[in-house]
Amino acid sequence: MPVQKTKRDFPLDRIRNIGIIAHIDAGKTTTTERILFYTGRSYKIGNIDEGTTVTDWMEQERERGITIVSAAVTTFWTVKSGLFEGTETRINLIDTPGHVDFTAEVERSLRVLDGAVIVLDSSSGVQSQTETVWRQANKYSVPLIAFANKMDVVGADFAATIQSARDRLGANAVAYNLPMGKENDFKGVVDLLTEKAIIWEGDPSTPLGTSDTGAKFTEVAIPADMVDQVKEAREKLVEEISGTDDVLMEKYLAAEEISIDELKKALRKAVIDNKIVPVLAGSSLRNKGVQPMLDSVVEYLPSPQDIGQVSGQNPQTGEMVIRKADPLAPLSALAFKIQVDPHVGKLTYIRVYSGTLKSGSYVYNSTKQIKERVGRLLLMHANDREEIEEAYAGEIVAAVGLKDTITGDTLCDEIAPIILESISFPDPVISLAIEPKTKSDQEKLGYALQRLAEEDPTFRIKSDPETAQTIIAGMGELQLEILVERMRREFKVDANVGQPQVAYKETITKMAEGEGKYIRQTGGRGQYGHCLLRIEPLPRGQGREFVSEITGGAIPREFISPIEKGVIEKEDTGILAGYPLTDIKVAVYDGSFHDVDSSEVAFKIAASLGLSEAAKKADMILLEPIMKVEVTTPDEFMGDIIGDLSSKRAQILGSEKRGNYTIINALVPLAEMHGYATALRSMSQGRAGYYMEADHYEPVPAQITAKIVESSGFTGRVEH
Ligand code: GDP
């Protein structure tokens with residue numbers, strides 16, 4: 001009998017596709033590194049250079065100490081006791097970026113995860129960006145467990161961290177274990193369900209890979225002074241778990257014994273249903289608490305089987321269709337990351353939702369409506385790659401050889417097409433002009449930008465027809481800086497880079513009408529386009545709308561679409577100061593035509609003229625991005641920082657005290673935040689930090705608008 005060449009070596013319930021999400025500096029990188037260290041099959045002691053982390057292999061990321069690329073790494077973990085006792089589980093760890101400039105990357109990775117570990121900083125609790133990632137996780141109903149990291153840091157407070165998760169995130173966060181000691185005396189944890197205490201030994205300051213890593217732990221008796229505290233916390237946990245399960249609730253109320261297995265099963269269900277977030281204490285840096293967290297990943301976070309199915313749209317009929325997480329079902333898979341690997345070239349990371357993806361086969365890219373050949377399929381381990389023949393429903397793989405597939409595309413069977421829910425990305429708020437230095441740079445520039453845009457859909461490229469410059473736009477200065485650096489480094493493109501520019505938008509404040517006429521009739525075939533447009537403001541954030549109210553044939557049908565094109569082009573170019581128009585509805589309601597001279601071009605031009613005329617009568621204004629800013633500072637600098645923010649047109653929302661620090665929350669126009677990192681450093685002797693993200697758009701004050709309009713060179717520009 002022929003040997004079956006490939007088989008599913010891990011049943012679906014022994015797979016966890018998880019991510020680590022966190023506020024920057026909470027310890028996501030360190031925690032990820034520890035996980036890979038404990039789980040990786042081939043991640044040997046001594047192989048790791050200090051300062052190198054596996055998921056952070058890009059040179060730049062290491063320098064900046066932040067993770068900007070979400071790679072997926074396959075690891076294995078065996079739980080020694082409990083629900084999944086003794087069987088190896090495959091954990092696919094999808095790295096999520098920590099910096100908020102890359103929230104689209106966070107969203108994209110959340111889309112393909114089944115569960116996540118949210119790393120909290122026990123010394124500062126829940127911070128603003130934690131709220132952001134939490135909201136994003138909620139949007140996709142990602143089940144979570146929380147890891148209260150940095151228990152060894154001065155000011156660490158486990159109970160306060162849980163409380164802040166409850167208060168600020170509205171999460172049903174409950175202690176799953178308790179820390180033994182804190183700050184310098186943090187030694188280990190007590191598991192509340194099993195009532196077992198463990199401590200970690202070894203020199204906690206020893207870096208990984210050099211000698212004793214402190215990975216070993218020993219079971220000890222619960223310290224006498226913690227017995228009551230453990231009892232109380234266990235009671236609370238059992239009560240919360242019972243509250244989610246009718247059978248357990250009855251037993252609980254009748255004061256009957258509930259077995260640990262029963263509690264674990266119910267907790268597993270409660271976590272998967274987003275009803276409870278168990279919180280575990282630890283210190284990644286000191287190698288404490290990581291293994292129990294991994295046990296919880298296996299025991300409480302869902303497998304693809306628990307998720308069950310994915311829904312999408314049939315591109316032919318528009319109907320909703322469902323695919324079961326079954327290797328025999330038709331293929332459906334989502335490309336969630338493109339990455340250039342230094343050894344094998346371009347890798348496309350794919351989550352397979354249903355069916356089986358085979359190496360060497362053809363698949364259908366339903367987003368682009370093209371066929372693509374899958375070359376090799378790879379499982380990416382911490383420090384090597386494993387070639388596989390097939391990837392089954394529920395798994396995450398990297399494919400080599402896909403040419404045109406980009407982030408967000410669906411791959412499927414051509415005979416059973418499906419488009420998986422697309423990922424929505426925010427509009428960019430900041431842009432930069434770049435000019436290649438030489439002719440050869442010019443040629444490489446386009447290619448480089450194209451590649452970078454494939455990886456990051458929040459990154460947009462356009463060319464400015466006025467100046468022939470290339471403009472790149474994104475979600476923050478840091479994101480653009482990194483992209484420019486990567487362009488230099490990876491693609492060897494030398495370019496002059498302009499100052500970051502705020503992405504203003506233009507809009508109107510009242511209804512107006514305009515007439516657009518483009519008539520040239522001097523000898524030969526002429527031009528004739530004529531239309532009447534009405535514009536009106538739409539509520540903030542609605543974008544644009546175009547309608548035709550032509551019914552009586554004043555303008556023949558075939559010219560309506562050129563009119564729409566003319567309108568859109570003008571809306572893109574801008575009228576007041578060269579920024580795109582938004583929140584506007586345009587209706588074409590009348591016009592005229594000429595049998596011979598009318599053409600698509602003539603109507604397009606007429607529409608653009610008509611829109612300009614209408615807009616100028618509609619009291620145009622500029623909108624600017626307003627950032628949500630959170631500054632964390634030692635108390636002594638608070639006055640200066642608030643004073644400075646006030647001079648930046650900030651609206652101070654309030655401040656909160658957290659340990660020795662104060663957190664100031666404010667809304668500040670992005671235009672005022674240029675160079676803030678440096679300013680804040682000098683105001684606080686380098687001790688304050690800040691974080692910001694785009695919140696909404698608001699009208700720019702009149703005097704400032706006047707200045708922007710003036711410097712844009714758009715005022716009084718002659719329109720034909
Ligand atoms: P990320 O920005 O969330 O990826 O955070 P990192 O893992 O880079 O950690 C940020 C800083 O906190 C680094 O200096 C780490 O060494 C430090 N750090 C991380 N975990 C711990 C911890 O458990 N205890 C202490 N004391 N420091 C930690």
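Reply: Happy to; we start at the ligand, move on to the nonpolar core, and finish with a few individual residues.

A word on the ground rules: this is a predicted model, in which local features need pLDDT of at least 70 and side-chain atom pairs count only at pLDDT 80 or more, while totals for chains, interfaces and linings use all residues. Residues are numbered from 1 along each chain as its sequence is written, and side-chain values use heavy atoms, with hydrogens and water left out.

The ligand is surrounded by 15 residues, where a residue is near a molecule if one of its heavy atoms lies within 4 Å of it. The closest of them are Asp25, Lys28, Thr29, Thr30 and Asp152. By class, this shell has seven polar, four charged and four nonpolar residues. In that scheme Ala, Val, Leu, Ile, Met, Phe, Trp, Tyr, Cys and Pro are nonpolar, Asp, Glu, Lys and Arg are charged, and the others, Gly among them, are polar. Helix α1 (residues 28–39) gives the largest share of the shell, three residues; helices (H or I, at least four residues) and strands (E, at least two) are DSSP runs, numbered from the N terminus.

Now for the atoms that come together there. A polar side-chain atom of Thr30 lies 2.5 Å from an oxygen atom of the ligand. From the backbone, a polar atom of Leu285 is 3.3 Å from a ligand oxygen, and an N or O atom of Ala26 lies 3.4 Å from an oxygen of the ligand. Taken alone, the ligand exposes 580 Å², and the protein buries 77% of that; accessible areas come from the Shrake-Rupley method with a 1.4 Å probe, and for residues only the protein chains shown count as cover.

Next comes the core. The largest nonpolar core has 100 residues, and those touching the most other members are Ile21, Val117, Leu144, Phe158, Leu178, Ile241 and Val297. Such a core is a set of buried Ala, Val, Leu, Ile, Met, Phe, Trp, Tyr and Cys residues joined through side-chain atoms within 4.5 Å. Its largest share, six residues, comes from α9. Domain 1 (12–306) and domain 2 (310–420) both contribute residues, so this core lies between them; the domain bounds come from an automatic or database domain assignment.

Helix α9 also holds Val290, which is buried at 0% relative accessible area (buried means under 20%, exposed over 50%, partly exposed in between, with a 1.4 Å probe and protein chains only). Val290 and Arg34 are 256 residues apart in sequence, yet their C-alpha atoms are 7.2 Å apart in space. In the loop between β11 (277–281) and α9 (290–300) sits Asn287, a residue other than glycine with a positive phi, near 60°. Asn287 counts as buried, at 0% relative accessibility.

Arg649 also has a positive phi of about 60° although it is not a glycine. Arg649 lies in the loop between α15 (638–646) and β36 (651–658) and counts as partly exposed, at 27% relative accessibility.

Finally, in strand β38 (residues 689–699) you will find Glu698, partly exposed at 33%.

Definitions and conventions:
Polar contact = N/O pair within 3.5 Å; in protein donor to acceptor, adjacent residues only side chain to side chain.
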